[in-house]
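Dear colleague,

I am passing this structure on to you, and some notes on it follow below. Please read them with the model open beside you.

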Amino acid sequence: MSSLDARAGASPEALRRAFTDHIEFTRGKNFDSAGTWDRYTALALTVRDRLAKSWVKTARRYYAQDVKRAYYLSAEYLLGRALGNNLINMGLWDSTREALRHLGVDLTNLLEMEPDAGLGNGGLGRLAACFLDSLATLDMPAVGYGIRYEFGIFSQDILKGYQVERADEWLKFGNPWEMVRPDRIVPVRFYGHVEQTQLPDGRMASQWVGGKTVLGVPWDTPIAGYGAKTVNTLRLWQARASAEFDFALFNDGDYERSVVEKNDSEVISKVLYPNDQNQAGKELRLKQEYFFVACSIADIMRRYLKTHTDFVNFPKKVAIQLNDTHPAIAIAELMRVFLDEKKVPWDEAWHLTQQTFGYTNHTLLPEALEKWPVSLFERLLPRHLQIIYEINARFLRAVQIRWPFEEQRIGRMSLIEEGKEKQVRMAYLAVVGSHSVNGVAALHTRLLQQDVLTDFAEMFPERFNNKTNGVTPRRWLLSCNPRLSSLITEAIGPGWAKDLDKLTALEKFAEDPAFVQKFRDAKHANKVDLANHLRDVMWTNLDAGAIFDVQIKRLHEYKRQLLNALHIVHLWTKARNDPKALIHPRAFLFGAKAAPGYRTAKMIIRLITGIGEVVNSDAARTGLRVSFIPNYRVSLAERIIPAADLSEQISTAGMEASGTGNMKFAMNGALTVGTLDGANIEIRECVGAEHFFLFGQTAEEVATTRAGGYKGREIYETNPAVKEVLDLIASGFFSPEDRGLFKPLVDSLLNDDRYLVLADFDAYVRAQEDVARRYCDPKAWWKSAILNVARMGFFSSDRTIREYAKDIWGIASIPPGGDE
């Protein structure tokens, strides 16, 4: 076998040779003494070797054609595991399994060794990961930029019913997928002051000097598209000190002070989302955001200047997308580079900046639209504050000209919020500095324009557009659900993984008895697999014949895990009084992490686990079980979603931007119970109203209810079922060790109920009764399940990316030539 075949060959023999070579030459072990981690690493490097060839060719192709590239700036990338996904995208799954089988190695065991790359908090980071997959699959030139957090989203334990956070040491033993690029290190300045100088042409110029410098070290991860002809790059920045330690202090025995600068610098990329409830946390969070933005802008500028000598064509070659407000400081940073380093006049620099940036908003919650104290900006980023003030002055003058006598409008639209403490409104900066502002579902975009960014939508109507989210079918169907994927391919052929619209061909099988039985068998086998896994990790026994009713998502009050919990108590009390009242057995499965400082969310977790203790002890009688599955993450979602019968998408209408879990569940044959919120609306339109369990108030009705002074006590005093459930919880029945534990939760529902949990309770109960009745009609249930899968083509992230590319970025597919 040639050395090239051993390095890049795809046959079982070549893979086997490469795998054993890496064990010996990279891990320094003989095959028999190599542990499971050694073998996982050797296999990952074997796969990476085969990615590297396409990776290099992709970069060469982009440079040769001087293409326009999209640069995706995101504080989060919830990547999950890479090995299985890369094997599928590269078409190496079967040959790798065969190669390992000959060596007596189980591929499944090696896949389980890989830690999740949990560099995100939820849907925002997972969306970014799906987008990278689609960009590479569609042969589109793009680079993802973010932070190489040493500790990602925390690991979650459930101890005595409470969430306990542990550090997520995903890099503890290294990451075989990434490559460090020391020749691309970027210096980043903080603090200091601004000096004014006069240029030869008489213009005044500013220079940011002094302060402290931190180094940004890039680590590159290859992102393979399906078919692996195009391999794009995710570049994550690690913070390093410009001086490792003070040798003089070290020699004098002052060991702690000798590494102060090193520690202060490197903490920037230490933890995903430090607690920003105190001043030090706020400063660190803003440092993180500026750090990765400054590194990325410098890298983008370096790449552009390799083939260009001026900036006339900058927006024709560079498109930068801001994934929410975290990277919004990039607008001020690009202006600083143009003005101070490249000496571009203001008007030209501002035009170039606006034409380069696009901004994606991901929230309707006012508290989630980032604001930073002016005093913090002034100290940490003094030059950027000057630039923001100038942007604001010019912008407000334009507002004043448009609406001459509307002083209140000027105050509403100012980038600087006046008040006890002046603050910089980062979302407003993103809107003013971008040529495109998009929401992520039709309702979300409409509400952005009507409620959240109303004045800006009136001033810049042409900037606002919708890009409904999507998910990659490679990870969220082909990889995570091999049984269903094989059945689909058997029925309609293999092309659907790159063209999800082809799933519509499944519609003709929705009432085909043979296909329906195979579909049912695949779902049941997935449920058995999940039940076995949960038995092994949680010592819980689930009946695979029960309805698997699943709610897995970040824990927030507006997502209404609490409504689900109240329904479980209601159902349990009915079944306990009369077991015949339960139409069909159910297993309620939860997975969620609550932000460490979010006390109410953590108390909801404690309530769910408390309910579970009681309900599970009575399962033989009632047919109900409750499991709160700890440490929810991408790899766990890949187990749960294929096994789900019912998808809980029950957020308060008008609160969820889009959601992507709803898409993943439907794509895997789960039916949805949900409100008209986020992308639920579009899912219901696509799959058909009769195949979606709708309940609850609309966004308009929610607004009217709140405006009418609604309090939950009104429902409590007139609805016996609600009163029974809340009285039982408030009595301490589910927390015998502390009978007043849940009283604050109950009081909040009675005296406020901001998220209309009680207002929607009756409608939710009725919808759940419809679910149970439909499940007891197998023909109707499985027809709905199959049609959900068949009609999910619109929700591929490939469609979303094509829309971004055409409408916002102006980039095109650059497929490989024949020599590749």
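Two strands pair if DSSP finds at least two bridges between them, and strands here are DSSP runs (E, at least two residues), just as helices are runs of H or I with at least four residues, both numbered from the N terminus. This is a predicted model, in which local features need pLDDT of at least 70 and side-chain atom pairs count only at pLDDT 80 or more, while totals for chains, interfaces and linings use all residues. Residues are numbered from 1 along each chain as its sequence is written, and side-chain values use heavy atoms, with hydrogens and water left out.

Strand 23 (residues 646-649) and strand 24 (residues 671-674) are paired in the parallel sense over four bridges, and Val673 of strand 24 is the bridge partner of Glu648. Both belong to an open sheet of six strands, ordered 22-21-20-23-24-25 with parallel pairing, whose edge strands, strand 22 (624-628) and strand 25 (693-694), each pair on one side only. Helix 24 (residues 561-577) packs on this sheet and touches strand 20 (547-552), strand 21 (586-591), strand 22 and strand 23, where contact means heavy atoms within 4.5 Å.

As for the linings, the residues around the largest cavity divide into 15 nonpolar, eight polar and five charged, if Ala, Val, Leu, Ile, Met, Phe, Trp, Tyr, Cys and Pro count as nonpolar, Asp, Glu, Lys and Arg as charged, and the others, Gly among them, as polar. A cavity is a set of points, on a 1 Å grid over the protein atoms alone, where a 1.4 Å probe fits but cannot get out, and its lining residues have an atom within 4 Å of a point.

With regards

Technical notes
Axes fitted to C-alpha atoms, helices over the stretch in contact; angles between N-to-C directions.
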